[in-house]
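Biologist: I'd like a close look at one part of this model. Could you walk me through it in plain words?

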Amino acid sequence: MAAYTADVAWSLRDGEDFAKGRYSRGHVLSFDGGLIVPASASPHVVGKWAVEEAVDPEEMFVAALSNCHMLTFLHKARLAGFVATSYRDHASGTMEEIAPGRLAVTKVILKPQIEWDGAAPDAEQLAELHHQAHEECFIANSVKTEVTVA
């Protein structure tokens, strides 16, 4: 079993009014390798109180699904004898109301573009590699969100 950690730090800034909701949602995420990532609530959620240059939880969620799928896909492709030389994905997520006052990212669409050295998988093999990657991706296995490879 493995354990994973992340540190999240936020503090109220001078002149902000927490009681009235007038405070920056900007904060930092720190990871064990020393990486520090500026983070915030989504501008779609809190408007001007978000930090647009920072990553928000919804973006991180979509990125985590895409990242896990890519890493699992590359492993499966290698085991199948293919040589990937490039993998790019412009993943997107859709947030919807699932009940009054409750939101969820209900759908994530992955749009991978892969380049190969030598023989490339045919359409059926490619679909099977993506299926295997989805089945084994632990992030996809951890969520209820519909994940589709387009």
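Modeller: A charge sits over a ring if NZ of Lys or CZ of Arg is within 6 Å of the ring centre and within 35 degrees of the ring normal. Keep in mind that this is a predicted model. In it, R25 lies over the face of Y23, at 3.9 Å from the ring centre.

R25 also turns up among the contacts of S40, along with G26, H27, A50, V51, A54, V55, D56 and P57, once neighbours within four places in sequence are set aside. S40 itself belongs to the loop between β3 (36-39) and α1 (43-46). Its relative accessibility is 0%, so S40 counts as buried. From there, the S40 side chain reaches the backbone nitrogen of V51 at 2.8 Å.

D56, one of those S40 contacts, brings us to helix α2: at the helix start, a side-chain oxygen of D56 comes to within 3.1 Å of the backbone nitrogen of E58. After the helix comes G81, with a positive phi near 95 degrees.

The buried residues of α2 include V62, L65, M70 and F73, and the buried set packs against β4 (83-89), α3 (123-136) and β8 (146-149), among others.

Now for the rings: the count comes to six aromatic pairs. F73 and Y87 make a tilted one, 5.8 Å centre to centre with 55 degrees between the planes. That pair links helix α2 to strand β4, 14 residues apart. F73 is buried at 0% relative accessibility, and Y87 is buried at 13%. Ring pairs join F73, F82, Y87 and W116 into a cluster.

Conventions. Residues numbered from 1 in each chain as written. Predicted model: local features only at pLDDT ≥ 70, side-chain atom pairs only at ≥ 80, totals over all residues. Heavy atoms only, no water. Helix = DSSP H or I, 4+ residues; strand = E, 2+ residues; numbered from the N terminus. Buried < 20%, exposed > 50% of the residue type's maximum accessible area, 1.4 Å probe, protein only. Polar contact = N/O pair within 3.5 Å; in protein donor to acceptor, adjacent residues only side chain to side chain. Contact = heavy atoms within 4.5 Å. Phe/Tyr/Trp six-rings, centres within 6.5 Å; stacked < 30°, edge-to-face > 60°.
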